[in-house]
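Me: Please take a close look at a single part of this model. I want the packing there in detail, with every term defined.

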Amino acid sequence: MTGRPALVRIAINIVVFIALEVLCLVMIANNSVVQRYKILGAIREAQSALWHRTSEISSYFSLKKDNRLLVQENVDLQRQLNMYKAMSAKPDTAFVHPAGLYSYMAADIVKSTRGKQHNYMLIDKGTRAGVSEGMGVVTANGIVGIIDAVSDNYSYVISFLNTEQSVSARLTKSDHFGLLRWEGVNPHKATLTEISLNCGAAVGDTVATSGHSSIFPADIPIGVISKIKPVSGLYLSLEIDLFQDFNSLRHVYIVANKDRKEIDELELEEGEGR
Amino acid sequence: MKDNWGRFMFFATLLIIQIVLSKYANVGPYIYLCCLPLIVIYLPLYQETFLSMLIAFGCGLAVDVLCDGIVGLNAAASVALAAVRKPLFAAFFTRDNLERAVIPTIHETGVMRHINYIFISLLIYFIVYICLDSVGMESLQTTLLRLVLSCAANLVLVLAIDYFMFNSRR
């Protein structure tokens, strides 16, 4: 017995102590009504505290799964919203595309750059998931970029934070539209150019996608005007505070125009004809 | 062999005194006279703690059953005291005391230290005993009064037993 390591001896003592005390408490509870009531009350309290903790821990570990479900739910809601928008935009049309013109697919960013002039990101969906080049990438807070190259399981996205990327955007109040471009300095700001002087823009007005391209659907909010600057007496240059925080971006939606092929073919035919 | 027999007789005597005290010495609701802690305190110090706890549990259970009390009450308090007995002894006495004192009597350890050691031991015993006995039914003042009076009365009892039994043996 004396040869046993101290830790083993301590462990044995603790186990024996707990076992004997529990045995005593059981005997006390069985032999006295008052003690039984109090002891069982304390045990139940400890049990419920333990269950509470356990459920908190298990819910923490199921967060990833919950998150995936929420993302899927977001995609479905986006699809529905898109459909209702299409319906309300064309109230007199006899036929409305059942799921809207655009479809959405959730994706996670695997890699991204933010500190360069030409930023990009990699997302975890590729041709196997139905992704193709030229599709848009958005979130509820604005546009993220455009898919430039696709492999089986991944896609390379040219980020909106790229000085060579521009997007058609409009003022939601007046419907005037122009080109939105990142200036390559501040990731929270962009510039909307080619806006006519009489557009009535004011600081705080919202800017959204115009829908004048087959990449992004209309009315995705992008940001608000923070500064107005006239350029050469004809146009305005508007500084926009972006809603999208690219530093905390993890989940995105790939947006696909269902009629894009048709639009592209038509554009190609028209281009060749001229 | 002879030493073991003498020790057994000593503990058996203490157990009988305890049973007699529990059955016949009714000194009011605030004082619980009890020499069971003495049995635990006087277990040889070379004894392994888990073995001391098992012996304390057996003695406590015997007192509970034979004295028609709530079964498990004295056993729980005795086991708690047996568990802290060695660290408590080490806190009050030197390593030399620990090595020499096979049974920590007043003669082995010195008067004042021994009284302090016994008082703290009794305090631990009665904290467990009174807490389990009253389980929130009594007010804090009543519980504290029971604790202080029981500790004081039992300190006198333990010292008396300690003095007479070991002095006479010397």
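Reply: Helices (H or I, at least four residues) and strands (E, at least two) are DSSP runs, numbered from the N terminus. By that count, chain B has eight helices and zero strands. Chain A has four helices and twelve strands. The model is predicted: local features need pLDDT of at least 70 and side-chain atom pairs pLDDT 80 or more, while totals for chains, interfaces and linings use all residues. Residues are numbered from 1 along each chain as its sequence is written, and chains are lettered from A and ligands numbered from 1 in the order in which they are written.

Start with the interface. Two residues are in contact if their C-beta atoms, placed from the backbone, lie within 7 Å. On that basis, 16 residues of chain A touch 18 residues of chain B. On the chain A side, helix 1 (6–31) and helix 2 (33–61) each supply at least two residues. Helix 1 gives the largest share, eleven residues. By class, this side of chain A holds ten nonpolar, four polar and two charged residues. Nonpolar covers Ala, Val, Leu, Ile, Met, Phe, Trp, Tyr, Cys and Pro; charged covers Asp, Glu, Lys and Arg; the others, Gly among them, are polar.

Now the helix itself. Helix 1 of chain A has 26 residues. Its first and last C-alpha atoms lie 37 Å apart, close to the 38 Å expected at 1.5 Å a residue. The expected span is 1.5 Å times one less than the number of residues. Its buried residues are A:Val16, A:Leu20, A:Cys24, A:Met27 and A:Ile28. Buried means 20 or more other C-beta atoms within 10 Å of the residue's own; 12 or fewer is exposed, anything between is partly exposed, and C-beta atoms are placed from the backbone. These buried residues pack against helix 2 of chain A, and against helix 3 (49–66), helix 4 and helix 7 (111–134) of chain B.

Take the partner helix 4 of chain B (residues 73–92). Helix 1 of chain A packs on it at about 165°, with the axes 8 Å apart. Axes are lines fitted to C-alpha atoms, for helices over the stretch in contact, and angles run from 0 to 180 degrees between N-to-C directions. The pair is therefore roughly antiparallel; that label needs over 145 degrees, roughly parallel under 35, roughly perpendicular 65 to 115, and the rest are oblique. The crossing is left-handed: the near helix is turned anticlockwise from the far one by less than a right angle, whereas clockwise would be right-handed. From helix 1 of chain A come A:Asn13, A:Phe17, A:Leu20, A:Glu21, A:Cys24, A:Leu25 and A:Ile28. They meet B:Leu73, B:Ala75, B:Ala76, B:Val79 and B:Ala83.

Next, helix 3 of chain B. Here the angle with helix 1 of chain A is about 15° and the axes are 9 Å apart. That makes the two helices roughly parallel. Their crossing is left-handed. A:Ile12, A:Asn13, A:Val16, A:Phe17 and A:Leu20 meet B:Thr49, B:Phe50, B:Met53, B:Leu54 and B:Phe57.

Of the 274 residues of chain A, 29% are buried; for the 170 residues of chain B the share is 36%.
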